[in-house]
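Trainee: I am new to this structure. May we go through it piece by piece?

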Amino acid sequence: MKTFSWISSLTVVLVSVLFAYFYTTNPAFELEHIKNIDIPASLDILRDNIKNYLNLTSATPSSDISSPPPTTTTTVITPAQLATMSRITLPRRILKTLLAKQQSEGAGATVRRSIGTPSLRSLNPFLMLDHFSVSPGAGFPDHPHRGQETITYLLTGGMDHEDFAGNRGTLNPGDLQFMTAGKGIMHAEMPRQNPDGSPNIGLQLWVDLPKELKYCEPRYRDLKAEEIPTVITEDGKVKIKVISGKSYGVESLKDLAYTPVVFYDVEVQPGGKIEQEVPQGWQGFAYILEGADVTFSDGQQEEKKVSQWHNVVFGNGKEEDGVVARVEETETKPGRFVLVAGQMMDQPVVQYGPFVLNSQEEVYQAFVDYQSHTNGFERAKGWRSEIGKSMVH
């Protein structure tokens with residue numbers, strides 16, 4: 001990280017002290033400041049989410065948000081219904097594909113990282129994508145975050161999580177957790193010990209927060225597998241878990257995260273084909289989880305076959321309205337992938353480890369706040385998670 005001059009460091013500390021004074025003497029200081037920011041109308045969904053945050057902050061603490069009861073549904077789409085639905089007129093171009101190479105992460109865990117690497121530093125608004133595998137005795141013990149949201153999708157096994165605010169929970173296969181770090185969180189994510197000793201496998205996606213919400217209150221939203229609607233074509237060749245967004249007329253639960261994201265878990269049998277709309281102008285990608293190679297349309301005329309553990313980065317041209325993918329009839333097993341897209345942000349990104357802000361000064365201040373247990377990290381002082389203690393030898 002770039003070394004700051006004594007003058008710059010002193011300026012940052014003085015500004016932080018003044019901010020802390022105003023925030024302590026006037027708890028609405030931050031909220032009033034945010035309310036006066038003019039948010040461009042072009043970021044419509046993002047603007048609405050920021051307004052929802054302001055209304056929520058004015059009304060109730062984030063800890064009072066409760067999850068709705070499970071509402072699992074499975075919708076079967078007939079050929080006649082498919083014929084009446086809008087088709088993709090111009091499939092998105094493929095800008096690049098890259099293999100997610102295996103590497104060590106956390107304490108004894110392994111990940112295949114495709115976003116957040118030298119080959120793809122970031123993909124606005126996405127900061128990192130890890131396909132993780134955590135065996136017994138490994139995990140992600142106590143660590144901080146500031147300035148981003150994380151989406152954790154558990155595929156097999158079980159994961160416990162715990163933070164310094166007393167929040168605890170468990171993710172089971174098919175569950176997701178949407179975490180907003182905001183001004184600061186310290187937590188641990190540790191695997192369950194499976195009876196057969198098998199690893200716990202899933203995805204974790206880091207998503208940038210708009211600058212207006214970098215210092216919002218932290219929050220969690222656990223999305224259970226039973227709450228995720230599923231779409232299946234009548235011939236059984238396409239199955240879509242609508243985690244966030246809309247597919248073939250079926251909508252997910254809303255308000256899962258502040259940054260607008262669509263997220264689909266897609267399984268295509270040999271001979272099957274999916275056409276999925278993606279909001280125009282949003283940045284999208286597909287990551288191949290397992291099974292057969294998946295063939296994606298590359299614009300209107302070309303196609304590209306993509307294999308397991310590869311990330312496909314799509315273009316976001318003005319007329320490109322979706323993604324088309326199929327699995328060849330000759331394959332012997334289905335292909336499974338996640339399709340994700342998010343609304344892009346017009347802001348600088350400065351990241352150092354778990355801190356994602358908009359300037360080097362803010363990143364430096366995040367370290368100061370974390371070390372001094374201030375400005376969002378007060379509860380980190382002396383805190384140790386119970387689940388993280390299993391890593392101490």
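Mentor: Let us begin with a term: two strands pair if DSSP finds at least two bridges between them. Please keep in mind that this is a predicted model. Strand β2 (residues 94-99) and β23 pair in the antiparallel sense, over 5 bridges.

Trainee: Which residue in β23 is the bridge partner of I94?

Mentor: I94 has F314 as its bridge partner in β23.

Trainee: How many bridges are there between strand β20 and β23?

Mentor: Strand β20 (residues 283-291) and β23 pair over 3 bridges, in the antiparallel sense. Within that strand, N311 is the bridge partner of Y287.

Trainee: Which residues lie on each side of β23?

Mentor: On one side are H310, V312 and F314, and on the other are N311 and V313. Both faces are covered. In a regular strand the side chains alternate between the two faces of the sheet.

Trainee: What do β3 and β4 form, and what is in the turn?

Mentor: They form a hairpin with 3 residues between the strands. G106, in the turn, has a positive phi of about 65°.

Trainee: New topic: how far does helix α5 reach?

Mentor: Helix α5 (residues 360-372) has 13 residues and reaches 18 Å from its first C-alpha to its last, close to the 18 Å expected at 1.5 Å a residue. In α5, V363, Q365, A366 and D369 are buried. Seen down the helix axis, the buried residues of α5 fall within an arc of 160°, so they line one face of the helix.

Trainee: What follows α5?

Mentor: H373 follows α5, and its phi is positive, near 55°.

Trainee: Finally, what is the volume of the largest pocket?

Mentor: The largest pocket has a volume of about 970 Å³. It is lined by 45 residues, of which G245, K246, S247, Y264 and Q276 are the closest to its centre. Elements that give two or more residues to this lining include α3 (44-59) and β18 (261-268).

Trainee: How does the lining divide by class?

Mentor: The lining of the largest pocket has 20 nonpolar, 13 polar and 12 charged residues.

Conventions:
Residues are numbered from 1 along each chain as its sequence is written. This is a predicted model: local features need pLDDT of at least 70, side-chain atom pairs count only at pLDDT 80 or more; totals for chains, interfaces and linings use all residues. Side-chain values use heavy atoms; hydrogens and water are left out. Buried means under 20% relative accessible area, exposed over 50%, partly exposed in between (1.4 Å probe, protein chains only). Helices (H or I, at least four residues) and strands (E, at least two) are DSSP runs, numbered from the N terminus. The expected span of a helix is 1.5 Å times one less than its number of residues. The arc is that of the directions from the helix axis to the C-beta atoms. On a 1 Å grid over the protein atoms alone, a cavity is a set of points where a 1.4 Å probe fits but cannot get out, and a pocket is an open set with protein on both sides within 12 Å along at least five of seven lines; lining residues have an atom within 4 Å of a point. Grid points are joined across faces, edges and corners, and a volume is the space filled by probe spheres set on the points. Ala, Val, Leu, Ile, Met, Phe, Trp, Tyr, Cys and Pro count as nonpolar, Asp, Glu, Lys and Arg as charged, and the others, Gly among them, as polar.
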